[in-house]
Amino acid sequence: MSALPQPEAMLRARPMRSTDLGRVMAIETAIYPFPWTHGNFSDSLKAGYDAWVFQARAEPGEPIVGYAVVMWAPDEVHLLNISVAAERQRAGNGRRILEWLCLDAASRGARSMLLEVRPSNAPALALYTSSGFERIGLRRGYYPAAEGTREDALVLRRVFDHG
């Protein structure tokens, strides 16, 4: 029996660079049947979106545990992509990345975070709902699906407490 993935004691975030895109794309294409393209990531960097990679250590060449892309609106952030490498999944890394993103956004003045998720993605739904996200809408036919069909997206939002 293979060992379960171990959680990273602490992940270090750093801005995604164009030189990271090869490693990001390797993860993206391995974990999604309909991955983002290299152009999606490149365009996000060019547009100035917050794009992050997360590593166990901030050393050059250190494997990427996960990554995220966030688009800012005046007082809200839209989580466009959050992903964890296949061999690092189910070890708490997605939760660590999501919480870091929420803390970062709230500390920079965002009042809430918005995201879309496939209804069929039970692990992601469980993560988001246990992290305080609530369903606020539905986007019909949002995602590509098998055999040329489309899948709806649930729209979720987490409001940040600036108490």
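Author: Start with His78, which touches Val69, Val70, Met71, Leu114, Leu115 and Glu116, leaving out residues up to four places away in sequence. The model is a predicted one, and His78 lies in strand β4, residues 76-84.

Reader: Why is His78 called buried?

Author: The relative accessible area of His78 is 15%. Buried means under 20%, so His78 is buried.

Reader: What makes Phe41 and Tyr67 an edge-to-face aromatic pair?

Author: By the rule used, there are six aromatic pairs. In the pair of Phe41 and Tyr67, the rings are 5.7 Å apart centre to centre, with 80° between the planes. Ring centres within 6.5 Å make a pair, and planes over 60 degrees apart make it edge-to-face, so Phe41 and Tyr67 qualify on both counts.

Reader: Why is that pair said to tie parts together?

Author: Phe41 belongs to helix α2 (residues 38-46) and Tyr67 to strand β3 (residues 64-72), so the pair ties together parts that are 26 residues apart in sequence. Phe41 and Tyr67 are both buried.

Reader: How do you know that Phe54 and Trp100 are edge-to-face?

Author: Their ring centres are 5.5 Å apart and their planes stand at 80°. The limits are 6.5 Å for a pair and over 60 degrees for edge-to-face, so the label holds for Phe54 and Trp100. Phe54 sits in strand β2 (residues 50-55) and Trp100 in helix α3 (residues 93-107), so this pair ties together parts 46 residues apart in sequence.

Reader: Why is Phe54 called buried, and why is Trp100 called partly exposed?

Author: Phe54 has a relative accessible area of 1%, and the limit for buried is under 20%, so Phe54 is buried. Trp100 has 29%; exposed starts over 50% and partly exposed lies in between, so Trp100 is partly exposed.

Reader: Which residues of α1 and α2 meet?

Author: From α1 come Leu21, Val24, Met25 and Glu28; from α2 come His38, Phe41, Ser42 and Leu45. The residues of this contact divide into five nonpolar, two polar and one charged.

Note on methods: Residues numbered from 1 in each chain as written. Predicted model: local features only at pLDDT ≥ 70, side-chain atom pairs only at ≥ 80, totals over all residues. Heavy atoms only, no water. Helix = DSSP H or I, 4+ residues; strand = E, 2+ residues; numbered from the N terminus. Buried < 20%, exposed > 50% of the residue type's maximum accessible area, 1.4 Å probe, protein only. Contact = heavy atoms within 4.5 Å. Phe/Tyr/Trp six-rings, centres within 6.5 Å; stacked < 30°, edge-to-face > 60°. Nonpolar A, V, L, I, M, F, W, Y, C, P; charged D, E, K, R; others polar.
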